[in-house]
Structure formats: structure tokens, C-alpha cells
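Open the model in your viewer and keep the sequence panel beside it. The stops below say what to select next and what is there.

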Amino acid sequence: MTNTINQPADSQTSYSIAEWKRGYDSQPNEYEYEITEIEGAIPTELSGTLFRNGPGLLDIGGSAIHHPFDGDGMISAFSFQDGKAFYRNRFVQTEAYLQEQEAGKILYRGVFGTQKPGGFFKNVFDLKLKNIANTGVIYWGGKLLALWEAAEPHRLDPETLDTLGIDYLDGVLQPGDAFSAHPWVDPSCVMDDGAPCLVNFRVDPGLSSKITLFEFAPDGKLLRRHSHSIPGFSFIHDFIITPQYAIFFQNPVNFNPLPFLFGMRGAGECVQFQPEKPTNVILIPRDSNNREIKTFSVESGFVFHHANAFEREKEICIDSIAYQTLPQVQPNSDYKEVDFDPLDPGQLWRFTLNLEDGRVEREMLEGRCCEFPTHNPNKVGRDYRYLYLGAAADTQSNAPLQAILKLDLETNEGQIHSFAPRGFVSEPIFVSKPNSEREDSGWILTLVYDGKEHRSTLAILDGENLAGDAVALLHLKHHIPYGLHGSWCDE
Ligand code: 3ON
Ligand code: FE
């Protein structure tokens, strides 16, 4: 498989760190145009919109932010109709974004270490949170919502991407309530006669942590909400569901808030990984009438993202990306100067919980550095065969994601579509082909930063024949900084 992005560079290494870094240049501009520079052809049956979220600004008024997770959320929308594609991007007009753009300087501390200019006295005891709306985006119940796990969602107009304001989900949330950036759609909920529902959570961390689970009907109405208290501090970015359970990995971390309170570090930099401690896997029944939480203990490292989970007779299987260790974000470091080699890669593991004897077995399914797992949305919470991930171009090292990997979990075969050495991929999104039964019959959409051209390209790959030529490459006129999560909307 070749494409115009993966043409060999002059160097022998799989990528150039200088090219990789430029993918973190800010993109302050907002665009609207039909994409016309296309290789291949957009399938005419591909109809709907891909929404993506991620940090759009990596500096404010020329001052670099400390970590990409502190960057202001920018939404991109790719709308497909009749073989044509229209692109639009807008910043989420959060209160803090508007204030900082007006002031031309950093006014808020960030969770991941961004400090206000002016040193200690400007930062000490300033605990205001900047809701940056930069992590996820989902269309549900007639609303387009930009999500950030430590605060409320923002609602946007799905056509224009204008920000309509903070959204309390028709009174389900109170001012200040968090709402995770990782909702799942259960394609067929057993409690709702097989109707789909949206499941999400929020965590209120503390000496003990409260997890609140929410389930919403397709019209946006709240179906179920219940809260549970678990011992200890938790930093839980993602979760996973099965028909019966919502499953949380309570990573082995502790939290020392003092450097945060004293203005020395962001709250996220005070989370310390405790490699000697186990992870607690917490099963909360989705049915609010059943309050029996089950907890399992397993050695897992640190988990941000889950791929999927499913129930077997007496077992639950959970597939997740785990890191052996989680390096702490350091106050005086520059994320662009990262040395990838000594860091532990994310790897795909399967955890099998035995519901009868409480034991957990774990098995590595993929050792190659990978992140952002995705699959056919009809398989959420169900036994499944195909998984797609962003992955390093070669099998050995920790490295930026430059390829999309397809794993066949039945045969253990893999297929790879690489954009190395010049391309850097983002999260793949699976879009089912209409009227098809095969699990892998779909398109894989991924945004690729092209280091040669300093622009981004939306790649449409064939889910069945991933390693074959791309179905289409849609070249944008500019770059989009490396993003976080997106979703597909059929409308
Ligand atoms: O005490 C709590 C500690 C804490 C860390 C308080 C808290 C709730 C405010 C908090 C905040 C957490 C937040 C805001 C987390 C945000 C996470 C985020 C924006 C992104 C996470 C991304 C994870 C991964 C694995 C990204 C991978 C990226 C690549 C492979 C490169 O493109
Ligand atoms: Fe995430």
C-alpha cells in the first residue's frame, strides 16, 4: 500500500521529530470550504458528519501552554453528501476562551500545568477551573455537545458550530457538575426494549470518590441516574459498558493537592502513579435497582482508554490500552522535547474477570505501541471480532502514532495502513457501510497530519481491506493540531 503521505523521507528513521512537533503548532483560524483536493473518490453512500475535538491553540498570545491537554477546544466538522465533503472548524466559545482572546494573554491556570504569567503570587490559591471543552464531541438528543471531563458540556449549533453556551442537559446537571468526555452508545439496551441509549458518567474525586452514572434516551431524556461511593482517590478518564454493567478502572494513583494549592503545579501534575499498587476494576450494575457493586483487583499499570467489554457466562472480558507506568507531567519540561524511547508504550490487554471466584486474568493482545481503539458501534458491550487502533509504524519502540492497525481478535491476524514517515494519525472512527452485515464492513476515517506539507488530510480507509490503498485522501488547506476524540453522526 502506498499513498502520497507515506512516500519515504530522506532519513532512515521512521519519522522526524521536527516534523512531528509542527503538528502541535496552534491553528487560530476558522475555516469553511468545500474540500476539493482529493485523491481517490469519496463513496457516494458515505452520508453524514464526522465531528472531531481537540486542542486548537497551543499558545495564548504567543505564550506556550504547558501541555496539549490544556489547549482550547476546537471542533472540526466534515460533512459528506453525494460524494462531496465540506469542512468547517470553530473554537468552542467558552467563557475563558473569550476572555483570554480578548486579553491576549493567559488568565487561567490549566489542569496540566499551564500557569498564569507573573509567577508565584499570581498563581497561589487560584483554584478557578478553565472549562476548555477540548476532549470529546457527540450529537445526542438533538444536541451537539463538546465535552471536557472536569466540567459541564458546551452546546454547539451542528450546522454552523456556533457555541450556544453551557448545557445542563435539561436540568440533569447543576452548575459546576462534571460530565465525562467518554460517553458510549449502547446500540440495544436490554432495559429499554432494545432501544439505543447514551451512557456516561462523572467522577467527584476526593478521599473517597463518587461515581455517578447517567443513561439518556435517544430524545435526550434522562432514563437512569445513580451514584456510588468508592474508597480512595480516582482519576478515571474513560469507562466501558456491557448490557448489565458500567465498568471503571480505578488506576493506582494518589493525589497530593499541595503543589496545586500553592500555585506550583496543575492539579493533573499532582496525580502520582503508584506502580506497586493494584488497579481496582469496579463493576456497577446499570440497572439502578441493583446496588451491588463488584470490585476486582488486578495489576494493570495505567489505563486511559478502553476498547470494549462483553459478558460471557461467568465472565466479563475487558479490552483496554494499558501503560506499565504513567510518567508525571513535570513543571519545567516541554512536551515537544519528549524523548519517546524511554517511555512505556500503550499496549492492548484483555482482562478476564471471573464473576464466581473473583479472579482476574490478563493477557496482552497487542504489544505494539497503540492508542485510540475503536470498533463497529453495533458491537459496543458485545463480543466482537475486529478492533482498529492508532499505532506506531514499527513494532519495537514507543513512538508517535503513524499507522492504523486492524486486529482480528478471532485469528490474531493484523493488518496495517501506515502513513510513516511523514504522516501522523489520530483516533480512527468506524462508519458502517449501509445495508451490510459484516462486522468490518465500514469506512475508517482518520485525520492525518502530513509533516511534509504541514497540513492535515482526512483519510478514508476500507475497514475490510485496511492494508489496501486508501479509498480517498481529502487534503485540507491547512493543518489541524493533533486532536483527541470524535464521533460520527448519520444526519
Ligand atoms: O483531582 C482531579 C485530577 C484531575 C487530573 C481533578 C480533575 C478532575 C480536575 C482532574 C482533571 C482531569 C482532566 C481534565 C483530564 C483531561 C484529559 C484529557 C484532556 C485528555 C486525555 C487524553 C489521553 C490520552 C491517552 C491521549 C493520547 C494522545 C496521543 C497518543 C497523542 O496524540
Ligand atoms: Fe480520551
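Select C317 and show its side chain: its relative accessibility is 0%, so C317 counts as buried, where buried means under 20% relative accessible area, exposed over 50% and partly exposed in between (1.4 Å probe, protein chains only). The model is predicted: local features need pLDDT of at least 70, side-chain atom pairs count only at pLDDT 80 or more, and totals for chains, interfaces and linings use all residues. Residues are numbered from 1 along each chain as its sequence is written, chains are lettered from A and ligands numbered from 1 in the order in which they are written, and side-chain values use heavy atoms, with hydrogens and water left out.

Now select C270, which counts as buried at 4% relative accessibility.

Next, select β22 (302-312); strands here are DSSP runs (E, at least two residues), numbered from the N terminus. Of the 11 residues of β22, 9 are buried, so this strand is largely enclosed by the rest of the structure. One bridge to pick out links E311 to I316 in β23. The hairpin joining β22 to β23 runs through 2 residues.

Select ligand 1 and the residues around it. There are 20 in the shell, and the closest are F69, T135, E149, H237 and E371; a residue belongs if one of its heavy atoms lies within 4 Å. Taken alone, ligand 1 exposes 800 Å², of which the protein buries 85%, by the Shrake-Rupley method with a 1.4 Å probe. The elements giving two or more residues to this shell are β22 and β26 (370-374).

Move on to β32 (residues 442-450). All 9 of its 9 residues are buried, so β32 is largely enclosed by the rest of the structure. Which residues of β32 point one way, and which the other? G442, I444, T446, V448 and D450 point one way, and W443, L445, L447 and Y449 the other. In a regular strand the side chains alternate between the two faces of the sheet.

Now show the partners of β32:

- β30 (residues 423-425) runs antiparallel to β32, joined by 3 bridges; G423 has D450 as its bridge partner.
- β31 (residues 429-432) is also antiparallel to β32, with 4 bridges; F430 stands opposite I444.
- β33 (residues 455-462) pairs with β32 in the antiparallel sense over 8 bridges, and L445 has I460 as its bridge partner. The hairpin of β32 and β33 has 4 residues between them, and H454 in the turn has a positive phi of about 50°.

For the last stop, select the five strands of an open, antiparallel sheet in the order β1-β7-β6-β3-β35. At the edges stand β1 (32-34) and β35 (486-489), each with a single partner strand, so one side of each is left without a neighbour in the sheet. Inside this sheet, β3 (residues 48-55) and β6 (residues 73-81) pair over 8 bridges in the antiparallel sense. Zoom in on G48, which stands opposite F80 in β6.

Technical notes: Two strands pair if DSSP finds at least two bridges between them.
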